[in-house]
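I opened the notebook to record what I looked up in this structure. The entries follow in the order in which I made them.

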Amino acid sequence: MERIGISISTNIFLNEPKVEAEERIIKEYGSPGNLFTSLRNAGVTSIEILNARDSLQNCDSDTLAAVRMIHNAGFEVTIHIEFDGTTGKEYAARMRKILLEAVNGQGKTAFTVHPVESFERTAELYADWSKVFTELDERCMLTLENMRYKKVPGTEYVRLNSVYDAVLPVKGQLTWDMGHYTYNVLTSDLPIETLPEAEYLALMKHTHIHGIIYPKLTTHFPLTTENKHIELYVKALKNSGYQGVYNLELEPERWLDRYSPRESFENSIAYLREMLK
């Protein structure tokens, strides 16, 4: 059975909201326990932690606490991280407890990272960090995400293979952000039905799935029937033999004036489940 996930900020699990959207989510669910129950009842089995933070004092961090909360609630964990200017060895030394706790009791676990502005630097960082992650624990899987075109490598469709090229020399893995991909296809004047090549799909180990609204092509909105092309992408990925999580990455701060976070989460999960039938 396909695994469905959703991205949630560390702040929400710890009941320490930093922005209005996080306050609304906490208010609508009432508590982290209620959030877990609602997501489980909706069919979610995996949670991706956003804004992961380490501890400079090598003590238990808030992210580590969130990982443990998610595991104790019976969910799989994935984590969204960033290249932060350090080497893979330096990063893994600071994040060691978090990385090992995340894979505890799990199989291969996606740690998704964005490209940086230089393709050469992205390839260099990915090779370094992915080697260190695997050496720490073979279940730690660093995945490189395609971004919206903002003069970042691998973002626009015509250079989509640049993220593929960045990971290919070290037999790496990718995260398919379907909202970013939609943006890049449309801004490259290609049909929205355009699919990545089979070689690209074969490297996919994680996903970020979200809606996009027109005409501004704003991403990370809830999934609605206006985004039926996402179903095409999801089915293409499923048919490719993909075994990873189908993870919703919604950003309520972009649409808080229009929709309820809880209702949007639940409706998007239900729509994604229908796509996967």
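How many aromatic pairs does the structure hold? I found 13 aromatic pairs. Rings of Phe, Tyr and Trp (its six-membered ring) pair if their centres lie within 6.5 Å; planes under 30 degrees apart count as stacked, over 60 as edge-to-face and the rest as tilted.

I note that this is a predicted model, in which local features need pLDDT of at least 70 and side-chain atom pairs count only at pLDDT 80 or more, while totals for chains, interfaces and linings use all residues. Residues are numbered from 1 along each chain as its sequence is written, and side-chain values use heavy atoms, with hydrogens and water left out.

**Entry: rings**

I looked up F13 and F36, which form a stacked pair at 5.6 Å centre to centre with 15 degrees between the planes. F13 lies in helix 1 (residues 10-13) and F36 in helix 3 (residues 32-42), so the pair ties together parts that are 23 residues apart in sequence. Helices (H or I, at least four residues) and strands (E, at least two) are DSSP runs, numbered from the N terminus. Both F13 and F36 are buried; buried means under 20% relative accessible area, exposed over 50%, and partly exposed in between (1.4 Å probe, protein chains only).

Next I looked up F83 and W129, an edge-to-face pair at 4.9 Å centre to centre and 85 degrees between the planes. F83 is in the loop between strand 3 (76-80) and helix 5 (88-103), and W129 is in helix 6, 46 residues apart. F83 is buried with a relative accessible area of 11%, and W129 is buried with 0%. Ring pairs link F83 and W129 with Y91, F111 and F133 into a cluster.

I also found R148 over the face of Y183, at 5.3 Å from the ring centre. A charge sits over a ring if NZ of Lys or CZ of Arg is within 6 Å of the ring centre and within 35 degrees of the ring normal.

**Entry: salt bridges**

How many salt bridges does the structure hold? I found 13 salt bridges, each a side-chain nitrogen of Lys or Arg within 4 Å of a carboxyl oxygen of Asp or Glu.

One of them joins K238 and E2, at 3.6 Å from N to O. K238 lies in helix 10 (residues 229-239) and E2 in the segment before strand 1 (3-9), so this pair ties together parts that are 236 residues apart in sequence. K238 is partly exposed at 29% relative accessibility, and E2 is partly exposed at 31%.

K131 and E135 meet in a salt bridge at 2.6 Å, N to O. They are four residues apart in helix 6 (residues 119-136), separated by about one helical turn. An α-helix has 3.6 residues a turn, so residues three or four places apart point the same way. K131 is exposed at 51%, and E135 is exposed at 57%.

R139 bridges to D137, with the closest N and O atoms 2.9 Å apart. R139 is partly exposed at 26%, whereas D137 is buried at 14%.

**Entry: helix 10**

Which residues of helix 10 are buried? I listed H229, I230, Y233, V234, A236 and L237. They cover an arc of only 160 degrees around the axis, which puts them on the same side of helix 10; the arc is that of the directions from the helix axis to the C-beta atoms.

I noted a network of salt bridges that links K228, E231 and K235. Just after helix 10, G241 takes a positive phi of about 95 degrees.
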